[in-house]
Amino acid sequence: MTREGMTGISEEFKKLLEESVGPERAATVLEALEKAPSVSIRLNPSKLKECPFPGAAPVDWSPYGYLLKERPVFTLDPLFHAGCYYVQDTSAMFVGHIFRQLLDSLHPGVSVLDLCAAPGGKSTDLAASLRERFGDCFSLLSNEVMRNRFGVLRSNLETWGDPCTSCVSKDPSAFGNDPLFDVVVADVPCSGEGMFRKDAQAVAEWSPKTVEFCAARSRRILRDIWPALKPGGFLVYSTCTFNYFENDDTVEWAASELGADILPPQDFPPAVTTRFGHVLLPGLVPGEGQYVAALRKAGESPVCTTGSQRTPNTQKQRSVCTTGSQCTPAAPLVNVDRKTALQYLHGDAIVLPQDAPLGPVTIGFQGQALGPAKNLGKRCNNLYPKAKRIKMDVQ
């Protein structure tokens, strides 16, 4: 965002920012908001082990994260469409860092709910961490109440391709009173202060009333989902905002009203340790704003020894492993070059090598599955889903 794009920042915001993070840090944030945002990716370790972009720097709090030197055209990278990596802000990856700190307290068969999951960045991060620790012995249910955002979530999870994930669209209150989940990750809707550099609308819509509304909504969400968390289970609470009303004050409310125990935050510079969590601030970190805290529900959670992968209470749940391009391909994998891969992703007719098997095939690039096709020899029926096809010119 240009300097001109920051002219909408109000004095009320600046005052609340100073109250929340201190005058010196507030000045650093305001200066950083005048600069262009960074760009970063997080690898899918089930598909890609090394960053495909030269000169990328590892992210300190993510074993899969990389800060890129410049923004490539991701749309024109077949590996992006194969789910080999996810484009995600480095600060947002800190939620995964806090989640990984809890893994030693979890067990095979663990059930995790990503409550406010769209567009899917945190879900894919959770899935990678769970798979690395537990293999197939976990279930991750990703929820998004907004129907217009649910489709994006489902598409991104399909592309990521982990068979132990599924998604659903429910209000938090609809999960009921049965304790179903060992961990709930709640990246709640917020006033979006941490999105100012990327989203001019977030600047225009901010007001003290918005902060007040968002804080109240966050508490309603936590109250509604709390019964679905098992005794002894963990809640990872996060926002992409800076102010203490939506952050530490809401965590303190959860401890008081819900009976949650706040897990003491451990210093992890350059994240700023607050009373109850961590806040990442532009200027101190390369990414945008993020607040994260962890809480635990009183009681002891029964240890699951069955290794079950079934997600509980998944009526009307939609499995994300729905196309051959996202699972281990049943049809033979036929690797093509980059130009042919992009033509396929565009929905164009392609011709496969003469030695390619006839009939159903899976189009691949560098060994990674892109999607289904039917090879007829002289031509190939392109079966890549229309909703996912590249809209821009690929020539």
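Trainee: What's the strand order in the open sheet of four strands?
Mentor: The order is 2-3-1-4, with antiparallel pairing. Bear in mind that the model is predicted.

Trainee: Which strands stand at the edges?
Mentor: Strand 2 (57–58) and strand 4 (85–87). Each has a single partner strand, so one side of each is left without a neighbour in the sheet.

Trainee: And strands 1 and 3, over how many bridges do they pair?
Mentor: Three, in the antiparallel sense. Strand 1 covers residues 40–43 and strand 3 covers residues 65–67.

Trainee: What stands opposite arginine 42?
Mentor: Glycine 65, in strand 3.

Trainee: Switching to rings. How many aromatic pairs are there in the whole structure?
Mentor: A search finds 13. One of them joins phenylalanine 13 and phenylalanine 196, tilted, at 4.9 Å centre to centre and 50° between the planes.

Trainee: Where do those two sit in the chain?
Mentor: In distant parts, 183 residues apart. Phenylalanine 13 is in helix 1 (residues 11–21). Phenylalanine 196 is in the loop between strand 8 (181–187) and helix 7 (200–205).

Trainee: Buried or exposed?
Mentor: Both phenylalanine 13 and phenylalanine 196 are buried.

Trainee: What about phenylalanine 80 and tyrosine 85?
Mentor: Also an aromatic pair, tilted, with 5.8 Å between centres and 45° between planes. Phenylalanine 80 has 28% relative accessibility, so it counts as partly exposed. Tyrosine 85 is buried at 2%.

Trainee: Which cluster are they in?
Mentor: One aromatic cluster formed by Phe53, Phe74, Phe80 and Tyr85.

Trainee: Last one: what lies over the face of phenylalanine 175?
Mentor: Lysine 170, at 5.1 Å from the ring centre.

Terms used. Residues numbered from 1 in each chain as written. Predicted model: local features only at pLDDT ≥ 70, side-chain atom pairs only at ≥ 80, totals over all residues. Heavy atoms only, no water. Pairing = 2+ DSSP bridges. Phe/Tyr/Trp six-rings, centres within 6.5 Å; stacked < 30°, edge-to-face > 60°. Buried < 20%, exposed > 50% of the residue type's maximum accessible area, 1.4 Å probe, protein only. Lys NZ or Arg CZ within 6 Å of the ring centre and 35° of its normal.
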